[in-house]
Amino acid sequence: MFWNHPKLPHTAAFLLTLFSLISSFAAVEPNTFSRHLSPSSLGLKKQEKLSHLHFYFHDIVAGENATAVRVAKAKTTTNTSPFGAVVVIDDPLTVSPDIGSKMVGKAQGIYALTSKTEASLLMAYNFAFMEGKYNGSSLSVMGRNPVFSAVREMPVIGGSGVFRFARGYAEVRTHAFDLKTGNAVVEYNVYVFHY
């Protein structure tokens, strides 16, 4: 019979020992890349909240106190065709369209002019808040912004501090735009889920 083969007991013992060693090495992972966690281990036991934030974004590209500075451009970038320009921003966020109103944070990041046929930006930036319960917290936004559309939406893709694990969207409307300077005041309504 099959079990009576003279070499089978030695082969079976060898294979069992080998599988045992492999499985014990697999169980000991001193330098693990990932692991499963309980959401409560990160303080995620609480009910998720939906918050609405409303503020104005001041993009100042001209003058001595510019908050948006072009740092790169393509060989083909011109004033009439800005495609390929990259701008770094440190724009104030205020409670009203008046730049002298209370500042609640800053928009810090970059935008790039990404369309040859329309004024459309790829925006990647953080809202770094410095007021009230949101002081020290931030929201991260990344998305397409066709600036001459009446209403635009961009996704909120994360956050930190109070906004850890945030998700949502920003509804954006241009409040004022100066054709001579390029300076703009933009109204933001941000709807965000967070813990």
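Reader: Leaving aside its neighbours within four places in sequence, with which residues is Y125 in contact?

Author: Please keep in mind that this is a predicted model. Beyond four places in sequence, Y125 is in contact with F57, I89, A107, Q108, G109, I110, L139, S140, V141, M154 and Y188.

Reader: Which residues have the most contacts inside the largest nonpolar core?

Author: The general idea comes before the case. In soluble globular proteins, nonpolar side chains tend to be buried together. Here the largest nonpolar core has 31 residues, and those with the most contacts inside it are F57, Y125, F127 and Y188. Two or more residues of this core come from each of strand 1 (49-59), strand 3 (86-94), strand 4 (103-113), strand 5 (120-129), strand 6 (138-146), strand 7 (152-160), strand 8 (167-177) and strand 9 (184-194). Across the protein, 31% of the 195 residues count as buried.

Reader: How many helices and strands are there in the protein?

Author: The protein has 1 helix and 9 strands, and their pattern along the sequence is α-β-β-β-β-β-β-β-β-β. Among the contacts with a separation of 6 or more, 47% are between residues 24 or more positions apart.

Reader: In which sense do strand 4 and strand 5 pair, parallel or antiparallel?

Author: In a regular strand the side chains alternate between the two faces of the sheet. As for the pairing, strand 4 and strand 5 are antiparallel over 9 bridges, with K106 opposite A128 in strand 5. A hairpin of 6 residues joins these two strands. Strand 5 also runs antiparallel to strand 6, to which 9 bridges join it; in that pair, L122 stands opposite R144 in strand 6.

Reader: How is a backbone angle to be read, and what is the phi of F165?

Author: Most residues other than glycine have a negative phi, and most peptide bonds are trans. F165 has a positive phi of about 70 degrees although it is not a glycine. The residue lies in the loop between strand 7 and strand 8.

Reader: Why does F165 count as partly exposed?

Author: The class follows from the relative accessible area, with partly exposed lying between under 20% for buried and over 50% for exposed. F165 is partly exposed because its relative accessible area is 44%. Y191, in strand 9, is also partly exposed, since its value is 26%. K75 belongs to the loop between strand 2 and strand 3 and counts as exposed, because its relative accessibility is 90%.

Reader: Which residues are the closest to the centre of the largest pocket?

Author: Rolling a probe the size of a water molecule over the atoms shows where empty space is left. The largest pocket holds about 840 Å³ of space. Its lining has 29 residues, of which V61, Y111, L113, F177 and G182 are the closest to the centre. At least two lining residues come from each of strand 1, strand 2 (68-72), strand 4, strand 5, strand 8 and strand 9.

Technical notes. Residues are numbered from 1 along each chain as its sequence is written. This is a predicted model: local features need pLDDT of at least 70, side-chain atom pairs count only at pLDDT 80 or more; totals for chains, interfaces and linings use all residues. Side-chain values use heavy atoms; hydrogens and water are left out. A nonpolar core is a set of buried Ala, Val, Leu, Ile, Met, Phe, Trp, Tyr and Cys residues joined through side-chain atoms within 4.5 Å. Buried means under 20% relative accessible area, exposed over 50%, partly exposed in between (1.4 Å probe, protein chains only). Helices (H or I, at least four residues) and strands (E, at least two) are DSSP runs, numbered from the N terminus. Contact means heavy atoms within 4.5 Å. Two strands pair if DSSP finds at least two bridges between them. On a 1 Å grid over the protein atoms alone, a cavity is a set of points where a 1.4 Å probe fits but cannot get out, and a pocket is an open set with protein on both sides within 12 Å along at least five of seven lines; lining residues have an atom within 4 Å of a point. Grid points are joined across faces, edges and corners, and a volume is the space filled by probe spheres set on the points.
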